[in-house]
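Good morning, and thank you for coming. I would ask you to look at the sequence and the structure first, and then to follow the description with both in view.

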Amino acid sequence: MKFEIETERLLLRVLTKQQAEKVLEFYCRNRDIFEKYEPVMGNDFYTVAHQRKILDFEYQNIMKLSMLRYWIFEKNNPNQIIGTVSFRNIVKPIYESCTVGYKMDREHINKGYCTEALNATIPVLAHELGIHRFEALILPDNDPSIHMIEKLGFKYEGILRDKIIIGGERLDHCMYAYLADN
């Protein structure tokens, strides 16, 4: 499995717990945006210690090939995280599927970075892990996310009612899927 991928403008890297401070900076810079779309993180989420735990947990699951997260850096600024793309719930061999997640720093939205990162990483999972079906769950009013995912070739499949609790409320999510063979 590739732990670092380079695109035209980006460096995509799997991080370890040693980079917890960079991850915390990224989340703190964008807290108000992310909390609109993310489940409750817990009181200690915005601490270095908690980010170390998360990065360690994720790394262990990456080694088991049950998930994969790439942190996004610009080539001309390789020390500041500007986003992340993740692949969770990797299930093989029967389902050959995973759930796609992504988020971008407020200063790097609408520059095509997330599209570029997903275009680079989806083929890696398809070829190296045999993932066929990539699923994205998106709030129905998140038009920028829906536009981007459709541009990548994801197709709308329907509404998942009361899917995820965000801000204390159980919310519907749109299901989009991309099939690697198509």
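This is a predicted model: local features need pLDDT of at least 70, side-chain atom pairs count only at pLDDT 80 or more; totals for chains, interfaces and linings use all residues.

Residues are numbered from 1 along each chain as its sequence is written, and side-chain values use heavy atoms, with hydrogens and water left out.

Let me turn to overall dimensions. The radius of gyration is 16 Å, which agrees with the value near 16 Å for a compact globule of 182 residues; the radius is taken over C-alpha atoms, and the globule rule is 2.2 Å times the number of residues to the power 0.38. Along the principal axes, the C-alpha atoms fill a box of roughly 40 × 35 × 30 Å.

Of the 182 residues, 46% count as buried, that is, under 20% relative accessible area, with exposed meaning over 50% and partly exposed in between (1.4 Å probe, protein chains only). For contacts between residues at least 6 apart in sequence, 62% join residues at least 24 apart, a contact being heavy atoms within 4.5 Å.

What lies in the interior? The largest nonpolar core has 38 residues, and Phe-87, Leu-118, Phe-134 and Phe-154 have the most contacts inside it. Such a core is a set of buried Ala, Val, Leu, Ile, Met, Phe, Trp, Tyr and Cys residues joined through side-chain atoms within 4.5 Å. Among the elements giving two or more residues to this core are strand 4 (77-91), strand 6 (133-138) and helix 5 (143-151). Helix 4 supplies the largest share, nine residues. Apart from this core lies another, of 15 residues, including Leu-15, Ile-33, Leu-55 and Ile-81. In soluble globular proteins, nonpolar side chains tend to be buried together.

Phe-154 deserves a separate look. Leaving out residues up to four places away in sequence, Phe-154 touches Val-100, Ile-122, Phe-134, Glu-135, Ala-136, Ile-149, Tyr-176, Ala-177 and Tyr-178.

Next comes strand 7 (residues 155-166), where Glu-157 is found. Is Glu-157 buried or partly exposed? Its relative accessible area is 44%, so Glu-157 is partly exposed. Beyond its neighbours within four places in sequence, Glu-157 is in contact with Arg-133, Met-175 and Ala-177. Glu-157 and Ala-177 stand 20 residues apart in sequence, yet their C-alpha atoms are 7.0 Å apart.

Asp-162 also lies in strand 7. Asp-162 is not a glycine, but its phi is positive, about 50°. With 43% relative accessibility, Asp-162 counts as partly exposed.

Finally, consider the loop between strand 4 and strand 5, which is the place of Pro-93. The peptide bond joining Lys-92 and Pro-93 is cis, with omega about -5°. Glu-96 is found in the loop between strand 4 and strand 5. Phi of Glu-96 is near 50°, positive in a residue other than glycine, and its relative accessible area of 32% makes Glu-96 partly exposed.

Key: Helices (H or I, at least four residues) and strands (E, at least two) are DSSP runs, numbered from the N terminus.
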